[in-house]
Amino acid sequence: MSSLLTSPVVDLDNGAVIAQPAVVDPAGVLRAAPLPMVLPLPLHVVLSGAGALAPLHEALRRAGRHPREAILMLNGTCQEQDRRLLKVGLDGLRTIGYLLGFADVGAGGPALDVVTDSAPYLLALDEELVTRLPGDHRAAAVARAVVTLARGIGAHVLAPGVEREGQVAVARGLGVRLAHGPLLAPGPDGKIRVPLPVADESPDTLMLGPRVQELLLPAVTLPAGAKAEEVVAAFGHEPTITSVILVDEYQRPKGSLDRSRFLLSFAARYGHALHGAKPAQRLADPPRTVPRTTPAIAAMQAAGRDAARIYDDLVVTDELNRCLGIVRVSDLIRQIAAMRT
């Protein structure tokens, strides 16, 4: 198993790395940075049944990673007579927790009705289409159609193999949000440089502070049906985690668990016996969400609407209400204080 990617997946809006290619080292162990990993998976492997997928599950287990931390990039085509079997296989992968993506969309990849029926998280444009941008209105038209499709089914769009700044500009203009390729590979200093749009530096905008996407931190997420003891394990794994966000199969936030209040429930007498094996959602608060373009001042106002939860993490969402990460109120306070000094 080798990765389809040679560089990180980057958010074109803010330059943040949101996923890393996964590779297998010489010892046969799966390696990836502590971010969601992207793994290639031919459709014929899914069609071969659960046994053919066992090495994938075992590789993640040995790497100490959970399926929800992996984006499976499906490639290849599916014959008409195999579509029902494919749907069963993909439904099973999604139930386990994997995020699904399709490669080569818009050209030699799977049929579009197969894509839409699979409720994917990510659609990767055909790399040749991206190579023809800019300068080829036909390629741009296909890319625009894929973006429209993605919005209709709640998926992100990825532009692979980006080599030139002109490709980034056109892709961004079409509504493509994610990209990878030589242009976005880390430099000698390990940093990634993305040609970002010109910032709006009007006085009114500056007074409102930076957008929350600039203060974004990775969210610790668990499926909405997770047990409370799984949340305890997540908090115990890393003492700096301030919240766990419960999400549905489309990564939409369904509940927020503040570290202090949640662990206090377990500190009480018989706390683990009362809550451990039961759904964590019973102890969750409604997530406090803010769109990624929300200015710091507006986000701070949203945080102050509930005095009992004023210091709870805010969940940052995209245009389809999917969880992108969290922003801590303490970071908002520091930003606003810096603006006023």
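Q: Where is Ile-192 placed?
A: Helices (H or I, at least four residues) and strands (E, at least two) are DSSP runs, numbered from the N terminus. Ile-192 lies in the loop between strand E10 (178-179) and helix H8 (203-208). This is a predicted model, in which local features need pLDDT of at least 70, side-chain atom pairs count only at pLDDT 80 or more, and totals for chains, interfaces and linings use all residues. Residues are numbered from 1 along each chain as its sequence is written, and side-chain values use heavy atoms, with hydrogens and water left out.

Q: Which accessibility class does Ile-192 have, and which residues does Ile-192 touch?
A: Buried means under 20% relative accessible area, exposed over 50%, and partly exposed in between (1.4 Å probe, protein chains only). Ile-192 counts as partly exposed because its relative accessibility is 21%. Contact means heavy atoms within 4.5 Å. Not counting residues up to four places away in sequence, Ile-192 touches Pro-8, Val-10, Val-17, Leu-184, Ala-185 and Pro-186.

Q: How is Gln-251 to be read in these terms: buried or exposed?
A: With a relative accessible area of 17%, Gln-251 is buried. Its place is the loop between strand E12 (243-247) and strand E13 (253-258). Beyond residues up to four places away in sequence, the residues touched by Gln-251 include Leu-99, Tyr-121 and Cys-323.

Q: How many disulfides are there?
A: A disulfide is a covalent bond between the sulfur atoms of two cysteines. The rule applied here asks for a pair of cysteine sulfur atoms within 2.5 Å, and the count comes to zero. Cys-323 is buried at 12% relative accessibility, and Cys-78 is buried at 14%.

Q: What is the arrangement of helix H12 and helix H13?
A: Axes are lines fitted to C-alpha atoms, for helices over the stretch in contact, and angles run from 0 to 180 degrees between N-to-C directions. The axes of H12 (residues 296-303) and H13 (residues 329-339) come within 10 Å and cross at roughly 135°. H12 is therefore oblique to H13, since angles under 35 degrees count as roughly parallel, over 145 as roughly antiparallel, 65 to 115 as roughly perpendicular and the rest as oblique.

Q: Which residues make the contact of H12 with H13?
A: H12 contributes Ala-296, Ile-297, Ala-299, Met-300 and Ala-303, while H13 contributes Val-329, Leu-332, Ile-333, Ile-336 and Met-339.
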